[in-house]
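This note concerns the two-chain model shown below. The points follow in numbered form.

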There are 2 protein chains.
Amino acid sequence: MPNTKPIYDTICLIGLGLIGSSIGHAVKRGGLAKHISGYARSEETRQIAKKIGFVDSIHDSAASAAQGADLIIICAPVGAMESITKEIAPVLKAGATMTDVGSVKQAVIAAIEPHLPDNVNFVPAHPIAGSEKSGPESGFAELFQDRWCILTPVESASIESVELLEKFWKALGSSVEVMSAKHHDSVLAITSHLPHLIAYSIVSTASDLEDVTQSEVIKFSAGGFRDFTRIAASDPTMWRDVFLTNKEAVLEMLGRFSEDLSALQRSIRWSDGDALFDLFTRSKETRNNIIEAGQDTDAPDFGRGHISEKE
Amino acid sequence: MPNTKPIYDTICLIGLGLIGSSIGHAVKRGGLAKHISGYARSEETRQIAKKIGFVDSIHDSAASAAQGADLIIICAPVGAMESITKEIAPVLKAGATMTDVGSVKQAVIAAIEPHLPDNVNFVPAHPIAGSEKSGPESGFAELFQDRWCILTPVESASIESVELLEKFWKALGSSVEVMSAKHHDSVLAITSHLPHLIAYSIVSTASDLEDVTQSEVIKFSAGGFRDFTRIAASDPTMWRDVFLTNKEAVLEMLGRFSEDLSALQRSIRWSDGDALFDLFTRSKETRNNIIEAGQDTDAPDFGRGHISEKE
């Protein structure tokens, strides 16, 4: 549960969207830093952040925000990380910890590590938490509660810096696991990247039909389709970068998925009811395991209200 | 909103799972019938239904439950409908309305219509509502609230019988649309059957990995995978029957989906960031349309709680 003592003196957030703003709220709630400095590329985002108040100081450049910070968290799309690192590298404090929240880790390391000074500890991180909403107004302190955060420290990072960042993420409410960047990228390819890719793809298929109108797709989406559209509404820039930078692992998982789908297609074509029934029965178990592990709600229909809530 | 006058004197529910029990609760709440008779194949289900009390009389056979009823609703898997119809046909009251709640409609008509007497009106129906939960204890009166119900009356059904059933579904809280059985099966193939098939398939893919453990799949499922597992936890018998009986439309939609997925795969392989970005941007619009149409909740993350709720 939330800590109440500062873990870092100054934390710098570069990027103030859903994740950046949620970290800001959570750090303030827990008193985890004496000062939070923030930077976002867009002037509008900076103004909104200032108004909401989840950072203590807003800066006009990433370098100005990062100067003197003990922990720098890059909360920007993977494609923007290299240029941000180049910009802030000269002003980083000796002994500072550099981290990020990117959904891929090998590509993040390739983009950032070469540009960092030797006296900075680099501990890439990935909180497995999110929502289909984006922007500085969508953040909230509880986003990381009861979720997992994966750390993939580079070899040169000090043990102390890894332990301190672990303590930080636990104070945000998360459980922490440390693994290699390569393994992270395989695990996330199946648990996150492939589901998003499939969701985007079926939404696209549904948009291109002749005999079924778009209004029918929308009207009757409660039959299952609407569940897919939630994650297909996630930030397009972030997801473009994920697929471009975790290409190999995603293509590998996609290949396996296509094989399995073909097998299922064959079972349908040949009316193999037993094969279908067995597969569907096994799927139920996976769902039960996820609920037992506290990674989803057991409320029917995700707990969507049926009456009172404005649906 | 719920009616308060009986629409039918006696309603017979054959099959008392999620849908049957929900209809029972909703009919009682609205006072839509003077008497509800019920039958389920399993003795255990009959006992539970009796105890919960969403039917007025429980019968040991479908024929006994259906005798004298004004509206008979078959809430059983599609594969069981033909034998049920054969059993009850001899005792059906002249002028009664026969309906069902099956997820496919051409196959239901093929299974039921040949066995019905001429003096019974046959109005197949499909409420687009459901949940991953099944069984007599999972039903609740609000399941059909603000959802759509599709009617696909056969030619010989009287206009009055169609209008009365429409009134009945509106009293359960649904909007009603009338269309041909063939068109229904196309629309549902994309909005419901294909999403379920894909969800089952990706859960299967995730179960067969060597380098990623099952516990990792479960732990990190909040990255997107868990959304797919909800519908992959639906009743296996029902879904086996759906795929066996709506084979053509499902295979057609699956073929289109596979083409689209291959195009996306190609965009990733060739690092075509612009194509990915455009597609992801369009998907966001579909989500917005679904929310505007009241077919899903706009709460981030489906409104799953982040703290207080037992997740």
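1. B:Asp146 lies in the loop that runs between β7 (125–127) and β8 of chain B. The model is a predicted one. In it, the phi angle of B:Asp146 is near 60°, a positive value in a residue that is not glycine. With a relative accessibility of 39%, B:Asp146 is classed as partly exposed.

2. B:Ser271 is placed in the loop between α11 and α12 of chain B.

3. As to the interface, 108 residues of chain B are in contact with 108 residues of chain A. The area buried between the two chains is about 10600 Å², and carbon and sulfur atoms account for 65% of it.

4. Between chain B and chain A there are 10 salt bridges. One of them joins A:Lys219 to B:Glu177, with the closest N and O atoms 2.5 Å apart. The polar contacts between chain B and chain A amount to 30 residue pairs, both residues being at pLDDT 80 or more.

5. Elements giving two or more residues to the side of chain B that touches chain A include β8 (148–151), α7 (181–207), α11 (247–269) and α12 (273–292) of chain B. The largest share, 20 residues, comes from α7(B). By class, this side of chain B has 50 nonpolar, 31 polar and 27 charged residues.

Technical notes: Residues numbered from 1 in each chain as written. Chains lettered and ligands numbered in written order. Predicted model: local features only at pLDDT ≥ 70, side-chain atom pairs only at ≥ 80, totals over all residues. Heavy atoms only, no water. Contact = heavy atoms within 4.5 Å. Buried area = accessible area lost by both parts, 1.4 Å probe. Salt bridge = Lys/Arg side-chain N within 4 Å of Asp/Glu carboxyl O. Polar contact = N/O pair within 3.5 Å; in protein donor to acceptor, adjacent residues only side chain to side chain. Helix = DSSP H or I, 4+ residues; strand = E, 2+ residues; numbered from the N terminus. Nonpolar A, V, L, I, M, F, W, Y, C, P; charged D, E, K, R; others polar. Buried < 20%, exposed > 50% of the residue type's maximum accessible area, 1.4 Å probe, protein only.
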